[in-house]
Amino acid sequence: MQQFLEREKERTRKNKIKNQPIVFMTYVMVLTFMALFGYIIYFMFNDADKVVADSQNKRQDSFDEFIVRGEILSRDGDQLAYTDIDDEGHETRVYPYKGLFAHTVGYNNYGRAGLELEYNFELMRSHVNVMEKVSNDISDDKNPGDKVVTTYSCELTQAAAQALGDAKGAVVVMDVDTGDLLTVYSSPTFDPNDMEKVWADVHSEEGSSSTIFLNRATQGLYAPGSTFKVITAMEYIREHPDYENYTHTCNGSDIFNSVKIRCSNSNAHGTLDLKGSLARSCNTSFANIGVNEIKVDKLRSLTEQLLFNGKLPLDTDYSKSSFKLSSESNYSEIPQTVIGQGDTLITPIHNALIMQAIANGGVMMKPRYVTEIRSDNDTVIKSFGTKTYGSVLDADLTKQIIPLLEEVCKTGTASEVMSTKPYPVAGKTGTAEYDNNGNCNSWFVGFSGGDSPDIVVSVIVEDYTNNHISGTSVASQIFDRYYDMNK
């Protein structure tokens, strides 16, 4: 009996050893199943909508069988895009303002772009009440899609388009406090109501070099010209607490680091302080500052603090601005770079963001262009609040630079247009050469409202040399329209 018990004990021990891998695999399978089940639950509650809403998800196209694509509205409720249904049930996407919002609202034919792409999922969902859904199902009608409410102002965008006329360029208008984009306009534009013709033209031999699909406001890279002097001036102030004692005598041209720098038309500005240097946009004074008064590595640090060479707090497609000068660069690159020429490139929206931060005490807001998603019966489904990107400038520095920007508009290069305004304006003009023949683009970037800033306007007008439309004149018309709207 004892021997039998010992044999059974030994057999049990050996079976346990043999079964260990099976038990181990069983536990692994159970844990794997539990993990997968847990992830499925997590996915359904957290990520499912994101995956379906992904603009690359082709499953969204199947929503078209059940949903009439929703409207895209301006900040004031104007229709920027809607779906028209004829008597035979044929649906046509309509853009009442034609090319005015082509680069922002986009199009929904021959592919998608703009908000039509980014908010495709929201436009193809319906949150009408249950009774209406039941009624539509019974009558075999589609449910109306949700609405996307934007921050865009039709009036200000029309003012931008009228001011630019046939000139190529871009305009960005931003609310200082909220970061709301009131206008993002790019010229030339196209009519999204006629994408068949637009598509054919762009893909023809004659239209192969067309840039009408380029949103110059967010994707156009330009030399900043004299608007960059604002950054150079801020770096000088940072390094020189006694900046008000700065003086420079301008003779119209001078040589810095073996590079000849000329002021506009070689005009001699005489003796200037820093405020006068910025107001007159004196090239020789700022070349002197860049070569003799500030450290290149500190200037580069400031530019990167202002998001050059980095990401902007912008959810839509954009080009990165670049600043290449460093302490390792050839010293001959300094004079041109500090006056906004050289290899530095910036987008109009980035220039607007920098000015917005200055106007806002150093705090940069994240640009907002959609405020709400609403159902067809105007129930708010989702709201998008304002967001702060963070502090990119010291508040004291912004207080020191703003009087210099105000002087530009009172007595300086923008004074002819801005000095007589019934509202205060601060800003900077810029004339940036884009070839070796003296041809220039024209900039203006600035804000209005004085101690309680209202809006920032950033304008680039291409080929100012030939069309003679200045960025300052375009900005002037937009400021005027804004205050006419808000009387």
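Predicted model: local features only at pLDDT ≥ 70, side-chain atom pairs only at ≥ 80, totals over all residues.
**From an exposed methionine to the core and the sheet**

Let's start at the surface: Met29 is exposed, with a relative accessible area of 54%.

Met29 belongs to helix α1, which covers residues 2-53.

The largest nonpolar core has 115 residues, and the members that touch the most others are Ile231, Met234, Ile358, Ile401 and Phe479. Helix α13, residues 348-359, gives the most to this core, contributing 8 residues. Once its neighbours within four places in sequence are set aside, Met234 is in contact with Leu302, Leu306, Ile358, Leu393, Leu397 and Ile401. Two of those partners, Ile358 and Ile401, are also named among the core members with the most contacts to other members.

Our last stop is a sheet. Its 6 strands follow the order β4-β3-β2-β6-β14-β15, and the sheet is open, with mixed pairing. At the edges stand β4 (91-94) and β15 (380-383); each has a single partner strand, so one side of each is left without a neighbour in the sheet. The partner of β15 is worth a visit: β14, residues 370-374, runs antiparallel to β15 and is joined to it by 3 bridges. Across this pairing, Glu372 stands opposite Ser383 in β15.

Methods:
Residues numbered from 1 in each chain as written. Heavy atoms only, no water. Core = buried A, V, L, I, M, F, W, Y, C linked by side-chain atoms within 4.5 Å. Buried < 20%, exposed > 50% of the residue type's maximum accessible area, 1.4 Å probe, protein only. Helix = DSSP H or I, 4+ residues; strand = E, 2+ residues; numbered from the N terminus. Contact = heavy atoms within 4.5 Å. Pairing = 2+ DSSP bridges.
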